[in-house]
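Subject: Structure for your files

Hello,

Here is the structure I said I would pass on. My notes follow below it.

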Amino acid sequence: MNDNWLPPLLDLLARGERLLNEYERRLPALPPANDWQAQAYRWRAFGDRCALQPVLHPHTITLSSLCNIDRQKALLVANTRQFVEGRLANNVLLTGARGCGKSSLVKAAWNEFKDRGLRLIEVEKTHLTDLPDIVEQVAGRPERFILFCDDLSFEEGDWGYQALKTALDGSIAAPSANVLIYATSNRRHLVPEYLSENAQTRYQGEEIHLSEAIEEKVALSERFGLWLSFYGFDQNDYLNACRLWLDHFGIAGWNEQTERGALQWAQGRGSRSGRVAWQFARDWAGKAG
């Protein structure tokens with residue numbers, strides 16, 4: 001029997017194996033299976049697919065660590081408690097001055113109720129079009145989920161604007177009972193507003209008819225059932241926040257030198273806010289060893 005055919009066949013098989021290995025290497029990574037034991041997640045892309053990625057070391061902040069926002073704190077905690085207890089609750093939009101506790105309050109509210117089945121999913125603006133997929137994945141779960149969209153703002157033509165608008169109220173599908181959306185933004189209506197748009201407003205008799213551009217921009221923020229507004233700190237509020245964070249870092253003995261250092265820090269940053277107070281306290285505590 002002629003065995004001349006064997007070497008070419010073995011060579012062909014070896015080449016085929018190399019091609020198959022190269023093809024598998026270039027395939028996009030498969031998203032991991034959902035780990036429902038975690039308490040916080042990020043919606044992340046794995047190649048051309050997305051999945052929930054557990055956050056191994058979530059930023060845990062307590063409600064008692066936040067000062068000067070007692071009204072906002074009470075309203076958000078009440079809404080979140082209703083949600084966790086299976087009662088009706090609203091999607092929430094937190095807007096206003098930067099660094100005054102919007103994002104921290106959302107994380108603190110989650111931390112307050114995480115042991116009662118509340119889960120947090122962070123969704124970046126670029127993934128807002130995936131909101132229906134996220135809701136579909138968690139709809140059958142016994143836990144309650146807050147979809148956290150931080151620091152949102154939209155420019156003209158952003159696809160995420162319409163996706164969020166539809167997810168809030170406008171889809172043919174009924175909203176899931178175990179999902180709420182909490183979003184933060186420095187803009188009240190999440191989109192830029194221009195003086196020229198006011199020129200399109202019409203007056204008929206005593207009635208005011210807003211321009212269609214203004215109506216469209218207000219339409220998104222109106223779909224949040226609860227609005228919480230945040231404002232910049234005055235000097236006393238800022239110093240109270242500094243004292244609170246210094247206590248948190250184990251630094252006692254507030255005195256004139258500490259107060260002068262806190263005021264100089266705020267002056268150098270050109271802002272007084274909870275974030276600036278936290279940054280000052282970290283610096284002061286670090287220098288104190």
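Aromatic rings first: rings of Phe, Tyr and Trp (its six-membered ring) are paired if their centres lie within 6.5 Å, and the planes count as stacked under 30 degrees apart, edge-to-face over 60 and tilted for the rest. On that basis, ring pairs link Trp36, Tyr41 and Phe145 into a cluster.

This is a predicted model, in which local features need pLDDT of at least 70 and side-chain atom pairs pLDDT 80 or more, while totals for chains, interfaces and linings use all residues. Residues are numbered from 1 along each chain as its sequence is written, and side-chain values use heavy atoms, with hydrogens and water left out.

Overall, the chain has ten helices and nine strands (DSSP runs numbered from the N terminus: H or I of at least four residues for helices, E of at least two for strands). Of its 289 residues, 39% are buried (under 20% relative accessible area, with exposed over 50% and partly exposed in between; 1.4 Å probe, protein chains only). Contacts are heavy atoms within 4.5 Å; among those between residues at least 6 apart in sequence, 74% join residues at least 24 apart.

Back to the rings. The whole structure holds five aromatic pairs. One of them, Trp36 with Phe145, is edge-to-face, at 6.1 Å centre to centre and 75 degrees between the planes. Trp36 sits in the loop between helix H1 (6-26) and strand E1 (40-46) and Phe145 in strand E5, so the pair ties together parts that are 109 residues apart in sequence. Both Trp36 and Phe145 are buried.

Strand E5 (residues 144-149) has six of its six residues buried, so it is largely enclosed by the rest of the structure. Arg144, Ile146 and Phe148 point one way from E5, and Phe145, Leu147 and Cys149 the other. Strands pair if DSSP finds at least two bridges between them. E5 runs parallel to E4 (residues 118-122), with five bridges, and Leu147 is the bridge partner of Ile121. E5 also pairs in the parallel sense with E6 (residues 179-185), over five bridges; there Ile146 stands opposite Leu180.

Helix H3 (residues 102-113) has ten of its twelve residues buried, so it too is largely enclosed by the rest of the structure. Among the buried ones are Trp110 and Phe113, as well as Lys102 and Lys107.

Regards
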